[in-house]
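The following note is intended for a colleague who is meeting this structure for the first time.

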Amino acid sequence: MLLLFDIDGTLVRVPAALRACRRALKELYGVEDGDRGFDFSGATDLPAFRELARRCGSRGDDVDLLIARYLAHLEEEIAADPGICLPGAHRFTAACAADPRYRLALGTGNVQAGARAKLRAHGLDGYFPTGGFGDDAEQRADILRVAVGRAQEVYGQRFRRVIVIGDTPLDVAAARAVGAAVLAVATGRPSLAELEAAAPDGLLPDLSDTDRALALLADLAAAVKPWG
Ligand SMILES: [Mg+2]
């Protein structure tokens, strides 16, 4: 069984990323608060940064440059303030990693360098030897497909069952699109009610009750339909 973890709002909350993004927008386009009114929740990096560049007056396709500047600032901003590991997220991740039934990977809209920086700040990076990232594809469903393929190579096994763990209706939709089950946690921007409306297979307010979260995961694991 493969578990694909989202990062922002699921495992950690890292406001340093927004600060790094604002600095990059200011630097390249001279715009303060270039993200004003933009909802990052569940977004993937490439389309998000491209849209931010457009809003700030960029006429060319300089999204790669923008992301490079974002990453350059991210380490420094994280060093200044790493943000938080969400309630129970570390214990839950460690428990899943220690359970021989599960293999762990990332399924995130973050470009890999950003994903790794955010996780490293909270001691979570080592649990995820591989994954699908925002530099692999623009759509979350495609990122999940990449994640499954890489995980199969890295772990040397074919995964017949996949569970996505995420915090937004977009995670639920992407999981559905690839035939994965989904455990939603309401620790990101979307409320519990909004997540409920997206009809995930399992839903928790947060991961603070490790036993409850593991029991729900085991229920999903037993019920999830074979992949592919
Ligand atoms: Mg998220």
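What span should the 14 residues of H1 have at 1.5 Å a residue, and how far apart are its end C-alpha atoms? The answer opens point 2, after a remark on conventions.

1. Conventions. This is a predicted model, in which local features need pLDDT of at least 70 and side-chain atom pairs count only at pLDDT 80 or more, while totals for chains, interfaces and linings use all residues. Residues are numbered from 1 along each chain as its sequence is written. Helices (H or I, at least four residues) and strands (E, at least two) are DSSP runs, numbered from the N terminus.

2. Helix H1. The 14 residues of H1 should span 20 Å, and the end C-alpha atoms are 20 Å apart, which agrees; the expected span is 1.5 Å times one less than the number of residues. Its buried residues are Ala16, Ala17, Ala20, Cys21, Arg22, Ala24 and Leu25. A residue is called buried if 20 or more other C-beta atoms lie within 10 Å of its own, exposed if 12 or fewer, and partly exposed in between, with C-beta atoms placed from the backbone. Helix H2 (45–55), helix H3 (63–80) and H5 are included in what covers these buried residues. Just after H1, Gly30 has a positive phi of about 70°.

3. Arg23. This residue belongs to helix H1. Arg23 is partly exposed because 18 other C-beta atoms lie within 10 Å.

4. Helix H6. Arg140, Ile143, Leu144, Ala147, Val148 and Ala151 are buried in H6. They lie on the same side of H6 because they cover an arc of only 140° around the axis, the arc being that of the directions from the helix axis to the C-beta atoms. The buried residues of H6 pack against strands S1 (2–5), S4 (103–107), S5 (131–132) and S6 (162–166), and against helix H7 (169–178). Gly156, with a positive phi near 65°, follows H6.

5. Domains. The chain is divided into domain 1 (2–13 + 84–223) and domain 2 (16–80), with bounds from an automatic or database domain assignment. Taken over C-alpha atoms, their centres are separated by 24 Å. Domain 1 gives 19 residues to the contact and domain 2 gives 13 residues; two residues are in contact if their C-beta atoms, placed from the backbone, lie within 7 Å. On the side of domain 1 that touches domain 2, helix H5 (112–120), H6 and H7 each give two or more residues. The largest share of that side, 4 residues, comes from H5.

6. Nonpolar core. The largest nonpolar core has 66 residues, and those with the most contacts inside it are Leu4, Leu144, Ile163 and Val164. Such a core is a set of buried Ala, Val, Leu, Ile, Met, Phe, Trp, Tyr and Cys residues joined through C-beta atoms within 7 Å. H1 gives the most to this core, with 6 residues. At least three residues of this core come from each of domain 1 and domain 2.

7. Met1. This residue lies in the segment before S1. Met1 counts as buried because it has 20 C-beta neighbours inside 10 Å. The C-alpha atoms of Met1 and Phe159 are separated by 6.0 Å.
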